[in-house]
Amino acid sequence: MSEQTPYIAPSLTPSGSLAARYFDQLYARNADPWEFETSSYEAAKYAATLAALPGLIYKNGLELGCSIGVLTKLLALRCARLLATDVSESALTLALARCVDLENVHFECCDLASHFPAGSFDLILVSEVGYYFSASDLETLRGKIARALIPGGHLLLVHFTGETNYPLTADAVHNAFIAWQGRAWTRLKAHREDSYRLDLLVRI
């Protein structure tokens, strides 16, 4: 997410989440709508994201909403196996080309509002994707994440805190995980900059 959020009138699903066609429209206009490749803000945020993780290699990581794969390529250095997902085929085509030489990275196109990748993971990254969901769809996604994250595994949340046209705010997303009465994790790290919020949770 660059500091300038691209604007397209939101297309919503019946449950109130952003529809897949919203992202299709974005990528049809611009192959890198949030300037992931060129933004100094994104580069600094990516560095902070990786620095928040303990100095270990994860056995099986999951990145939800990988877009064109800029962060995916960096995250792959920290994972023996990494599954990266996105709702946009256009974005995944670019992500695959970017990571074509990385044998430990795999991609899956899926709409997280209706489908969650199979498997168990010791790292799940939810970066710049949680606020695309309605509150009810985020609750459903939260439960799926809790079931997929193994005990001792890490859940890293990172979201832009500026104004957007999305269903939820960054704080609403993070608080939905942290303040969850049935939460399956505890918080290890919390960090806030002017433009983003980062929280690292560990599965109990």
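The largest cavity has a volume of about 380 Å³, and a search of the whole structure finds one cavity of 30 Å³ or more. A cavity is a set of points, on a 1 Å grid over the protein atoms alone, where a 1.4 Å probe fits but cannot get out; the volume is the space filled by probe spheres set on the points, which are joined across faces, edges and corners. The model is predicted, with pLDDT of at least 70 needed for local features and 80 or more for side-chain atom pairs, while totals for chains, interfaces and linings use all residues. Residues are numbered from 1 along each chain as its sequence is written, and side-chain values use heavy atoms, without hydrogens or water.

Lining residues have an atom within 4 Å of a point. The elements below each supply at least two lining residues.

| Element | Residues |
|---|---|
| Helix 1 | 20–29 |
| Helix 2 | 40–52 |
| Helix 3 | 70–75 |
| Strand 2 | 82–86 |
| Strand 4 | 121–127 |

Helices (H or I, at least four residues) and strands (E, at least two) are DSSP runs numbered from the N terminus. The lining has 19 nonpolar, five polar and six charged residues, where Ala, Val, Leu, Ile, Met, Phe, Trp, Tyr, Cys and Pro count as nonpolar, Asp, Glu, Lys and Arg as charged, and the others, Gly among them, as polar.

Elsewhere, Leu-138, Arg-142 and Ile-145 of helix 5 make a contact with Val-173, Ala-176 and Phe-177 of helix 6, contact meaning heavy atoms within 4.5 Å. These residues divide into five nonpolar, no polar and one charged.

Note on methods. 1 Å grid on protein atoms, 1.4 Å probe; cavity = no way out; pocket = protein on both sides within 12 Å on 5 of 7 lines; lining within 4 Å.
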